[in-house]
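Please open the model in your viewer and keep the selection tool handy.

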Amino acid sequence: MEIKVSGFGGQGIIRIGMILGKAAALNDNKSATLTQSFGPEARGGACSAQLVVSDAEILYPYLTVPDILIAMSQEAYEKFEPELKEDGILLIEEDLVKPHPVRGHIRQYAIAATRIAEKLGNRLYANFVMIGFIVAITKVVPKQALLDAVPGTVPDRLLQKNIDALEQGFVLGEQKLAEAK
Amino acid sequence: MNQRPRGPVLTGAHYLDGDHACAEGAIAAGCRFIAGYPITPSTEVAERLAERFPRIGGTFIQMEDELASIAAVLGAAWGGARAMTVTSGPGFSLMMENIGLGVMTETPCVVVNVQRGGPSTGLPTLTGQQDMMQARWGSHGDYEIIALSPSSPQECFDLTVTCFNLSEKYRVPVMFMMDECVGHMTEKVVIPEADTIDVWPRRWYRGPRDKYLPYAPDKDGVPPMIRAGDDHRVHITGLTHDARGYPIINAECQQICVSRLTDKIRDNADDLVMVKEEQLRGADVVVVAYGISARVATKAITDARKKGIKVGFLRLITVWPFPEKKIRDLAGKVGCLVMPEINLGQMYREVERAAAGKCRTMLVPHCGGWVHDPEDILKAIIEGAK
């Protein structure tokens, strides 16, 4: 399975890929290779993480045609949506991305991750809202594998807040999935 | 990095990028001294060691530049430490003079180069494999070097340990030729229990104190070592020297000194060469690759096999000394050797030289900044199979 996570620097894009990859590789007995691309600028620039998850050993580490695209900025959406598989899954940050009409058989789901994070006290939790949302909808890893992967990826004092954010994203994901059926 | 291991070695399964895995490999190999100057894309190696070392009795020094960094590493090694420096192309260039000093004084140490695109400051954040010849020939004079190239974060851990072991066994600076892609690629890395990791000790001199000669070689051509300041008479110099380590400036001594420096590597090339072979028997075309290019080539190889082409794969783990016997043998058996590398033909020249016209050789060049399109490698395989 090929997953592209995209947005702008500072949103925790790479961390989303990192946590999903860690959950798959360490807690779900899969192979997971994360590669990333970023410009010289750490914040504000376009940024993306590429994750390949497989039952077999991953030889070629890069994406060919993404099955899943997460777009957390308009720029990332415009740039990467055309690459998404025709029956792929597209997850967007609904306040930050104004989507075009859905292409082909793409299943598109939107979440106001940043707004939810702000209600939790800090917009920096937005990536964890998105992680929960991703896992609920795509089932790329079991929820428990994801939860077990979180400790160590954020400072301990912020762990609970991030888990809360993840849970909210997960619940919303399940709701959206149920609505779509 | 938030894991807090009990002992120095981070035993267990981790999700690490190549840079961090290299840092953990250094710790597992007993490295407790690093001197360096930050440079993208290698900084994460130094960063991790700067955080890890104070907790495990190691020393990290951020030096004023790369010249000083490698000098400090040589000094630390003579003080008894396992020592390493970490850099990328521009810093590697600055280290060249003292890498030669390390070769001449037979100082065990590891130089990590997470390669980016050059020349000059080139592409700081983007990949390249353009320092491969510099690793071999960058310092002046005639010498032999050891260099390894990893293709995954797991190998960044494993081979960093190997680099230290080889540097101790052969008393030579060992180059660890990573690239930005492998350095910033994250995968599962399994770190074994500390006591199961094969770490080779320094070749300490154990004879009588008054008989010690710093450059009197053992049977395999490598002299045992003492710790400077440990009550032995010791003199080391970059000048051509005799067994006592004293400068002798004549052709006879040069012959003995330089021959031994080169022969200790050349004569042990079979011991040093590590490659991974896949479906070489009966192959019409063999792809030869190393580092990230070896990972990228796997897609082209898979696609070519789907088209019914008999493709073998030779992945170079040891790049120096160059596995020329392997290439020579292959050249007599296959139609074409195809080599993708992220430069305009560096290791390819060695492939061409070793093949010596016994088969066709094809370079798939790339200027750097990104990896090959697997299609380009596939095209070369198809062409080579004709």
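How many residues of chain B are in contact with chain A? Select 15 residues in chain B, which are in contact with 16 residues of chain A (contact: C-beta atoms, placed from the backbone, within 7 Å). Bear in mind that this is a predicted model, in which local features need pLDDT of at least 70, side-chain atom pairs count only at pLDDT 80 or more, and totals for chains, interfaces and linings use all residues. Residues are numbered from 1 along each chain as its sequence is written, while chains are lettered from A and ligands numbered from 1 in the order in which they are written.

Stay on that side of chain B and colour α10(B), which gives the most to it, with four residues (helices are DSSP runs of H or I, at least four residues, and strands of E, at least two, numbered from the N terminus).

Next, select strand β4 (residues 83-87) of chain B: five of its five residues are buried (20 or more other C-beta atoms within 10 Å of a residue's own, C-beta atoms being placed from the backbone). Ala83(B), Thr85(B) and Thr87(B) point one way, Met84(B) and Val86(B) the other.

Now show the partners of β4(B). Strand β2 (residues 33-36) pairs with β4(B) in the parallel sense over two bridges (pairing needs at least two DSSP bridges), and Ile34(B) stands opposite Met84(B). Strand β5 (residues 109-117) also pairs with β4(B) in the parallel sense, over four bridges.

Finish at Arg136(B), in helix α5 (residues 132-137) of chain B. Beyond its neighbours within four places in sequence, Arg136(B) is in contact with Ile145(B) and Trp320(B).

Methods: Two residues are in contact if their C-beta atoms, placed from the backbone, lie within 7 Å. A residue is buried if 20 or more other C-beta atoms lie within 10 Å of its own, exposed if 12 or fewer, and partly exposed in between; C-beta atoms are placed from the backbone.
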